[in-house]
Amino acid sequence: MSEQQELLIGLLEAVSTKLIAAEKTLTDLDSAIGDGDCGASIKKGFESVLEKLPSLGEQSIGSILKQAGMTISSNIGGVSGAIYATGFLRAGKAIGDKDKINLHDTYEALQAALGGIKERGEGTKVGDKTMVDALEPAIDAFGDATAKGAGILAVLEAALDAARKGSDSTIDLQAKKGRASYLGPRSIGHRDAGSMVICLMFEAALDFFKNLKKNY
Ligand SMILES: Nc1ncnc2c1ncn2[C@@H]1O[C@H](COP(=O)(O)OP(=O)(O)OP(=O)(O)O)[C@@H](O)[C@H]1O
Ligand SMILES: [Mg+2]
């Protein structure tokens, strides 16, 4: 296994573990303005990723991401499963058969993931009170910090900060997409659960790279 294959598998393990542990938080958020299945769906989907990881060591990094997307797609139902799966699949496709990527390539893969998510959500935009409200500013901050030559820790800190602010911004918004939109103005005053999923992913990524005690 190359260093990057090993890093990606470790990263997916850290992200999955963090999301599985957040089941209750996500269920509580989704119960307020959705159908309350977000925690259980995320748990099931990312448990399937954890199970799959040991068999992926010999695959390219692009293919590891696609396999993660595929297992998410078969294990998380409904619209949100398709949305998360599309993100991983598009990121894997953007990386293609490169066997080594840098932060700029990672930024491009994240942008591809975001593009797929917005498309799959039928034109989701920032302000619709979805995961995109956290993901788009996080990816923008990732790109800006990368362009300035920052290392991965500073890049992920900037991305996490932007994701948290974006997630906070969903509290005062009325949902325009997803189940929460059926509530109309009653969706105001609650954080979007998917935006929390994005914050947890960046938090897990930052912690993972901090624990490596090696900057990239
Ligand atoms: N059109 C969309 N575009 C982007 N994100 C969306 C969209 N619709 C919903 N979401 C995100 O999905 C999250 C809900 O995930 P959850 O797993 O609870 O699915 P759901 O709304 O119950 O729908 P389903 O049961 O059809 O998957 C929302 O918090 C929101 O962030
Ligand atoms: Mg739900």
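I'll start with helix α7. Its 16 residues, at 1.5 Å a residue, should span 22 Å, and its end C-alpha atoms are 22 Å apart, which agrees. Keep in mind that this is a predicted model, so what I say about α7 is computed from that model. Of the 16 residues in α7, 13 are buried, so the helix is mostly covered. After α7 comes Gly149, with a positive phi near 90°.

Helix α5 can be described in the same terms. It has 18 residues, which at 1.5 Å a residue should span 26 Å; the end C-alpha atoms are 27 Å apart, and that agrees. This helix is mostly covered too, with 13 of its 18 residues buried. The residue that follows α5 is Gly96, and its phi is positive, near 60°.

Now the protein as a whole. How many helices and strands does the protein have? There are nine helices and zero strands. Read from the N terminus, the order of elements is α-α-α-α-α-α-α-α-α. The radius of gyration is 16 Å, close to the 17 Å that the globule rule gives for 216 residues, so the protein is as compact as a globular protein of that length. The C-alpha trace spans about 50 × 35 × 30 Å along its principal axes. As for burial, 48% of the 216 residues count as buried. Among contacts with a separation of 6 or more, 64% are between residues 24 or more positions apart.

Next, the ligand. Around ligand 1 there are 25 residues, and those that come nearest are Gly78, Ser80, Gly121, Gly178 and Gly194. Two or more residues of this shell come from each of α3 (38–52), α5 (78–95) and α9 (193–212).

On the α2 side the contact is made by Glu23, Lys24, Leu26, Thr27, Leu29 and Asp30. On the α3 side the residues are Cys38, Gly39, Ala40, Ile42 and Lys43. By class, this contact has five nonpolar, two polar and four charged residues. As a general point on spacing, an α-helix has 3.6 residues a turn, so residues three or four places apart point the same way.

Glu122 has a phi of about 65°, and it sits in the loop between α6 (103–120) and α7 (132–147). Lys129 has a positive phi as well, near 65°, and Lys129 is also found in the loop between α6 and α7.

Is each of them buried or exposed? Glu122 counts as exposed because it has 8 C-beta neighbours inside 10 Å, and the cut-off for exposed is 12 or fewer. Lys129 is buried, because 28 other C-beta atoms lie within 10 Å, where 20 or more are needed.

Conventions. Residues numbered from 1 in each chain as written. Chains lettered and ligands numbered in written order. Predicted model: local features only at pLDDT ≥ 70, side-chain atom pairs only at ≥ 80, totals over all residues. Near = placed C-beta within 6 Å. Helix = DSSP H or I, 4+ residues; strand = E, 2+ residues; numbered from the N terminus. Rg over C-alpha atoms; globule rule 2.2 N^0.38 Å. Contact = placed C-beta atoms within 7 Å. Nonpolar A, V, L, I, M, F, W, Y, C, P; charged D, E, K, R; others polar. Expected span 1.5 Å × (residues − 1).
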